[in-house]
Structure formats: C-alpha cells, structure tokens
Amino acid sequence: MTEGGGSPRRRGLARFPVVDALPLLHRLTAAFREEAGRVPSAAAPAALGRWTAADLVAHLGGVHRWAAANTRGMTRAERHNVPAITVRPVKYYAESRQILLDTLAELDPDQPCYTFAQDRTVRFWHRRQVHE
C-alpha cells in the first residue's frame with residue numbers, strides 16, 4: 001500500500017483517459033439487432049449446446065434489461081438466463097437495446113450503482129455491455 005491508499009498500480013490507472021464506450025455500444029448493438037432480424041423464432045440449435053439462436057437473442061436482450069435495471073440502484077436486479085418472450089426475438093432485442101441505451105444516455109456515467117466489480121458506477125455498464 002502507498003500513502004493515500006491503494007496500490008501504486010491501482011493509483012496509476014487514474015492517469016489513463018476515460019474511454020467513452022457508449023458510441024461503440026451503439027454500433028455493436030445495432031449490428032446484433034440486424035443479425036437478430038435473420039433469426040426465426042423456432043430456429044434450430046446454434047453451436048451453443050441446447051440453446052437456439054432465438055434463445056441467444058432473448059438472453060442478450062434480457063442481459064441488456066438487467067444491466068439497465070442495475071444502473072438504477074445499489075442492489076442486484078433479478079435476471080433469468082433465457083427469459084421467456086412472447087414477441088419475435090428481434091422485437092424483444094430491439095426493445096431491450098433501446099431500454100439500455102436510453103438508460104445509459106439519461107444517467108450520469110459517474111453515478112453510483114450496483115455492479116459486480118470494483119467500479120461501482122454507471123460507466124461500468126457502458127464498458128461491460130460492449131463485452132456482451
């Protein structure tokens with residue numbers, strides 16, 4: 001530990017510029033939405049074991065909704081691995097994408113919220129959803 005708290009390595013991270021991941025998240029989720037439009041509701045299993053391509057689309061839409069909900073407080077929101085959906089997968093994903101992007105745009109990136117990492121700010125979800 002060093003004076004002022006934290007390790008020298010951790011304190012050194014503050015010197016790096018903060019990267020705005022939101023524009024990349026917009027592009028990646030738009031590309032996925034386009035691909036999701038090609039997935040029929042009763043698609044054959046993908047190379048994902050028992051999941052169908054529609055399951056994957058529902059899963060990612062559910063993760064986006066879960067991430068958006070996590071930005072609203074300091075406790076973990078409930079999430080189902082593959083949510084049951086009643087609309088076409090592409091519609092569910094498009095709605096989920098919009099919920100996430102609207103929420104992230106509305107909130108201050110430095111606002112505290114629930115995360116599962118050391119960074120407990122909304123900005124965490126900007127970066128994390130890029131990885132999804």
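What we have is a predicted model, in which local features need pLDDT of at least 70 and side-chain atom pairs count only at pLDDT 80 or more, while totals for chains, interfaces and linings use all residues. Residues are numbered from 1 along each chain as its sequence is written, and side-chain values use heavy atoms, with hydrogens and water left out.

Let me start with the overall picture. The protein has five helices and zero strands, where helices (H or I, at least four residues) and strands (E, at least two) are DSSP runs numbered from the N terminus, and the pattern along the sequence reads α-α-α-α-α. Of its 132 residues, 35% count as buried, and here buried means under 20% relative accessible area, exposed means over 50%, and partly exposed lies in between, with a 1.4 Å probe and protein chains only. If we take the contacts between residues at least 6 apart in sequence, 59% of them join residues at least 24 apart, a contact being heavy atoms within 4.5 Å.

Now to the helix pairs. Two packed helices are described by the angle between their axes and the distance between the axes. The axes are lines fitted to C-alpha atoms, for helices over the stretch in contact, and the angles run from 0 to 180 degrees between N-to-C directions.

Helix H3, residues 53-70, packs against helix H4, residues 89-106, at an angle of about 20°, with the axes 8 Å apart. H3 and H4 are therefore roughly parallel to each other, given that angles under 35 degrees count as roughly parallel, over 145 as roughly antiparallel, 65 to 115 as roughly perpendicular and the rest as oblique. The crossing of H3 and H4 is left-handed, which is the term when the near helix is turned anticlockwise from the far one by less than a right angle, with right-handed used if clockwise. Among the residues that meet here are Val57, Leu60, His64 and Ala68 in H3, and Tyr93, Arg97, Leu100 and Thr103 in H4. By class, this contact of H3 with H4 has twelve nonpolar, five polar and three charged residues, where Ala, Val, Leu, Ile, Met, Phe, Trp, Tyr, Cys and Pro count as nonpolar, Asp, Glu, Lys and Arg as charged, and the others, Gly among them, as polar.

The second pair is H2, residues 22-36, with H5, residues 122-131, and these pack at an angle of about 30°, with their axes 9 Å apart. H2 and H5 are therefore also roughly parallel to each other, and their crossing is left-handed. On the H2 side we find Leu22, Leu24, Leu25 and Leu28, which meet His126, Gln129 and Val130 in H5. That contact of H2 with H5 has five nonpolar, two polar and no charged residues.

Staying with H5, its buried residues are Val122, Arg123, Phe124, Trp125, His126 and Gln129, and what covers them includes H2, H3 and H4. Arg127, also in H5, is partly exposed, with a relative accessible area of 32%. Leaving aside neighbours within four places in sequence, Arg127 is in contact with Ala21 and Asp119.

Next, Thr29 in helix H2, which is buried, with a relative accessible area of 4%. Its side chain joins that of Arg97 through a polar contact of 2.7 Å, meaning a pair of N or O atoms within 3.5 Å, where within protein one must be able to donate a hydrogen and the other to accept it, and residues adjacent in sequence count only if both atoms are side-chain atoms. A polar atom of the Thr29 side chain also lies 3.2 Å from the backbone oxygen of His26. Beyond four places in sequence, Thr29 is in contact with His64, Tyr93, Arg97 and Leu101.

In the loop between H4 and H5 sits Leu107, which is buried at a relative accessible area of 10% and touches Thr71, Arg72 and Val122, not counting residues up to four places away in sequence.

That brings me back to Asn70, in helix H3. At 0% relative accessibility, Asn70 counts as buried.
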